[in-house]
Every structure is written in C-alpha cells, then in structure tokens.
Amino acid sequence: MRRHRIAAIPADGVGKEVIPAGLRVLEALARRDGGFALDVETLPWGSDYYRQTGVMMPEDGLETLRGFDAIYFGAVGDPDLPDSVTLWGLRLKICQGFDQYANIRPTRVLPGLTSPLRQVEPGDIDWVIVRENSEGEYAGHGGRAHRGHPEEVATETSIFTRAGVERIMRVAFDIARSRPRKLLTVVTKSNAQKHGMVMWDDIAAEVAKNYPDVTVEKELVDAMAARMVRKPASIDTVVATNLHADILSDLAGAVAGSLGVAPTANLDPSRRAPSMFEPIHGSAFDIMGKGIANPVATFWTGAMMLEQLGEDAAAKALMRAVEQVCADGVFTADLGGTADTETVTRAVIAAIEGANAPA
Ligand code: IPM
Ligand code: MG
C-alpha cells in the first residue's frame with residue numbers, strides 16, 4: 001500500500017468548506033483505487049488562528065509541513081485583517097519558504113460549461129499557464145519613506161535573477177514538450193521594460209536551444225491578453241512573470257467559464273520540500289459560511305496533487321468524475337446552477353464509486 005502524507009490547511013473563508021469536500025473526494029478515490037492511502041492531518045492555521053495566537057501559523061510551521069508529501073490548501077484572506085498579515089503570514093510564507101517556484105495553472109472549458117466568449121468550440125481553450133512563483137514583482141523588495149508627508153516615496157522593485165528565470169523556463173519547456181502541440185508562448189513586456197524583461201527574452205532563447213522540438217514564440221503581455229480573447233485556440237503553454245501570469249490566469253479562468261473551477265499547483269520541481277495545491281478563487285467573503293462554494297477547483301487541484309504523488313490513475317479518475325458531473329449540469333450558483341457544495345461533492349463521489357475500477 002502506497003501511503004501519502006497530506007497536510008490540509010483549509011484556512012479562511014470558503015477554504016473551510018471546499019477543503020473538507022476535497023478530502024472526502026480524495027478518500028473515495030483511495031478506496032476505489034485500493035493501491036494507496038492518504039494520511040491526512042488538518043492544520044487549524046489561518047485568520048482565526050491569528051486572532052487566538054497572534055500568528056497565522058506557528059513559528060515552526062514550515063518544519064511541521066516539511067514532514068508531509070503535499071499540502072492541500074484552501075484560501076487565505078479575512079475581511080477584518082490586512083492582507084499583509086494574512087497572505088504574507090501563511091500562503092506566501094509557505095510558497096517562498098519552500099521555494100515553490102513554479103505555479104502551474106491549467107485552463108480548460110469543462111464539459112457543460114460555456115465560455116463567455118462567442119465562437120469558442122469545445123477544446124478551443126486548453127492552456128497551461130506557468131507562473132514564476134518566487135521572485136519578480138512579488139519579491140517584496142522595496143520600501144516606503146517620509147510616511148504621510150508630501151514627499152512620501154514608495155518603491156516596489158521587481159527582482160529577476162538568471163537562476164530564477166532559467167529554472168522556470170525549463171519547467172515551462174518541459175510542460176510544453178509533454179503536450180501534443182509542443183507550443184510555448186513566452187510573455188514579457190520587453191518593449192517598455194528594458195532590463196529584466198529583456199533578460200527573460202534572452203534566457204528563453206538560450207533555453208529554447210535545448211528544446212528543438214518545442215515551437216517557441218514571444219508575446220507582449222498586453223497583446224497576450226487580447227489574443228486570449230480573440231484567438232484562444234492559438235494558445236497552448238504560456239510562461240510569464242509572477243504578476244503578468246497572475247493577471248492572465250484570472251482572465252483565463254474567466255474565459256473558461258468560471259474562476260470557481262480554476263486550480264493551481266505551487267510546485268518545488270526539485271522536490272526538496274512539499275508542493276502546495278489550492279483553488280485559485282480565494283476566500284470569497286461574500287458567500288462564505290453558506291455552503292454554496294464551488295468545490296470543482298479544489299477537486300481539480302486535488303487531481304494535480306495526486307499526479308504529483310505519482311497516483312496518475314486516480315488523478316485521471318477524479319477528472320473523469322468531475323467532467324461527468326459538470327456534463328450532467330450539477331452546478332453551483334457561480335455557474336448558473338442551484339446545487340450547493342454538498343450536492344456537487346456527493347455527485348462526484350457517486351461518479352467515482354460508480355466508475356469502473358482503474359485498470
Ligand atoms: C492568486 C492570487 C494571489 C496572487 C493573491 C491572493 C496574492 O491572486 O493566487 O493568483 O496574486 O498570487
Ligand atoms: Mg490571482
């Protein structure tokens with residue numbers, strides 16, 4: 001029996017609703033598969049923990065997490081606390097502390113969903129956005145002086161390192177190579193930003209020499225935003241900086257039908273530390289506590305986690321179950337349906353249990 005140790009951190013808002021749903025689905029998969037088991041520990045960290053203890057996670061939180069094979073993360077953010085406390089105290093601390101430098105964001109229009117774009121045929125949108133996740137515009141480099149005075153100044157400096165850009169390029173080229181079209185679009189803003197972004201372009205061209213089978217093209221981020229709307233079928237794998245890919249991936253989620261289904265993986269491809277899997281949608285204060293959050297993004301990221309753990313058959317079985325439930329029109333309100341989180345979760349578990357056992 002293969003055993004995988006999972007740290008579950010539901011944290012804030014609807015994270016507390018979708019992570020338990022995701023864990024039930026994963027348990028159903030493990031039962032169905034019979035070849036692996038999950039040892040799950042749910043950690044109570046997040047904004048409520050902060051209100052009780054003054055920290056988002058314990059001082060030795062990273063050490064605790066290091067003992068796990070993967071982290072299943074809900075969402076962080078609280079209406080009454082600044083993001084600088086909640087986000088930097090938990091999610092970014094884990095991403096940066098474990099050097100989870102590759103953020104992977106697949107986008108597809110799931111069966112039964114409709115893109116808000118006219119003329120999108122099924123299969124037209126099948127993208128993977130590879131987001132640099134350790135530096136760039138999120139490096140936290142800068143400062144603020146003369147606070148409150150008319151001459152107040154603030155800087156937010158983007159940090160691009162050769163090592164950081166090279167390693168994310170290799171991840172992106174590897175993903176592009178593994179997909180049928182073998183097409184990678186390198187997104188920058190190197191016309192206006194002549195240092196870091198030109199280095200991105202240079203390094204992309206260097207790394208490309210090791211991947212002669214991958215077609216590589218350059219696109220400026222503004223043009224890329226327009227292309228995602230106007231010619232979505234022309235895109236396959238995309239690599240971009242931390243901030244650019246943050247923005248493009250929200251657009252991707254929207255054109256695929258809903259942010260409620262969009263998953264992400266924060267990977268340490270060198271596997272020195274556990275990787276972290278989460279839905280993109282965030283804590284969603286407006287609907288938290290109502291039991292109506294869409295759990296599909298959490299299921300999808302659960303499939304990415306299974307893949308990372310080497311459980312490919314279970315990952316595929318999970319996506320088949322999710323696709324079947326979507327095709328059957330069992331949708332939460334964000335997708336125009338009337339189902340609640342519990343109904344969608346039960347439908348996915350039923351699809352898993354009803355499916356033929358994986359070969
Ligand atoms: C995301 C989110 C976060 C990010 C926020 C919450 C800081 O938008 O995962 O895309 O930009 O990294
Ligand atoms: Mg974002």
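**Close-up views of a predicted model**

View 1. Leaving aside residues up to four places away in sequence, Q308 touches L267, R271, S275 and F277. The model shown here and in the following views is a predicted one. Q308 belongs to helix α9, which spans residues 296-308. With a relative accessibility of 16%, Q308 counts as buried, because the limit for that class is under 20%. Helix α9 itself lies across β1 (2-11), β2, β3 (70-75), β4, β11 and β12 (275-279), and its direction makes an angle of about 160° with that of β12.

View 2. Ten strands form an open sheet with mixed pairing, in which the order is β2-β1-β3-β12-β11-β4-β5-β10-β8-β9. The edge positions are taken by β2 (36-42) and β9 (215-220), each of which has a single partner strand, so that one side of each is left without a neighbour in the sheet. On average, and with direction ignored, neighbouring strands of this sheet are turned by 25° against each other.

**View 3. Strand β11 between β4 and β12.** Strands of a sheet pair through backbone hydrogen bonds, in either a parallel or an antiparallel sense. Strand β11 (residues 263-267) pairs with strand β4 (residues 102-108) in the antiparallel sense over three bridges, and β11 also pairs with β12 in the antiparallel sense, over four bridges. Towards β12, the bridge partner of A265 is F277.

**View 4. The two faces of strand β11.** In a regular strand the side chains alternate between the two faces of the sheet. In β11, P263, A265 and L267 lie on one side and T264 and N266 on the other, and as these residues are all buried, both faces of the strand are covered. Strand β11 is accordingly described as mostly covered, with five of its five residues buried.

**View 5. The site of ligand 1.** The residues surrounding ligand 1 are L87, R91, R105, R131, Y138 and D246. In the side chain of R105, an N or O atom is 2.8 Å from an oxygen atom of ligand 1, and for R131 an N or O atom of the side chain is likewise 2.8 Å from an oxygen atom of the ligand. D246 contributes a polar side-chain atom that lies 2.8 Å from an oxygen atom of ligand 1. Taken alone, ligand 1 exposes 320 Å², of which the protein buries 70%.

Note on methods. Residues are numbered from 1 along each chain as its sequence is written. Chains are lettered from A and ligands numbered from 1 in the order in which they are written. This is a predicted model: local features need pLDDT of at least 70, side-chain atom pairs count only at pLDDT 80 or more; totals for chains, interfaces and linings use all residues. Side-chain values use heavy atoms; hydrogens and water are left out. Buried means under 20% relative accessible area, exposed over 50%, partly exposed in between (1.4 Å probe, protein chains only). Contact means heavy atoms within 4.5 Å. Two strands pair if DSSP finds at least two bridges between them. Axes are lines fitted to C-alpha atoms, for helices over the stretch in contact, and angles run from 0 to 180 degrees between N-to-C directions. A residue is near a molecule or strand if one of its heavy atoms lies within 4 Å of it. A polar contact is a pair of N or O atoms within 3.5 Å; within protein, one must be able to donate a hydrogen and the other to accept it, and residues adjacent in sequence count only if both atoms are side-chain atoms. Accessible areas come from the Shrake-Rupley method with a 1.4 Å probe; for residues, only the protein chains shown count as cover.
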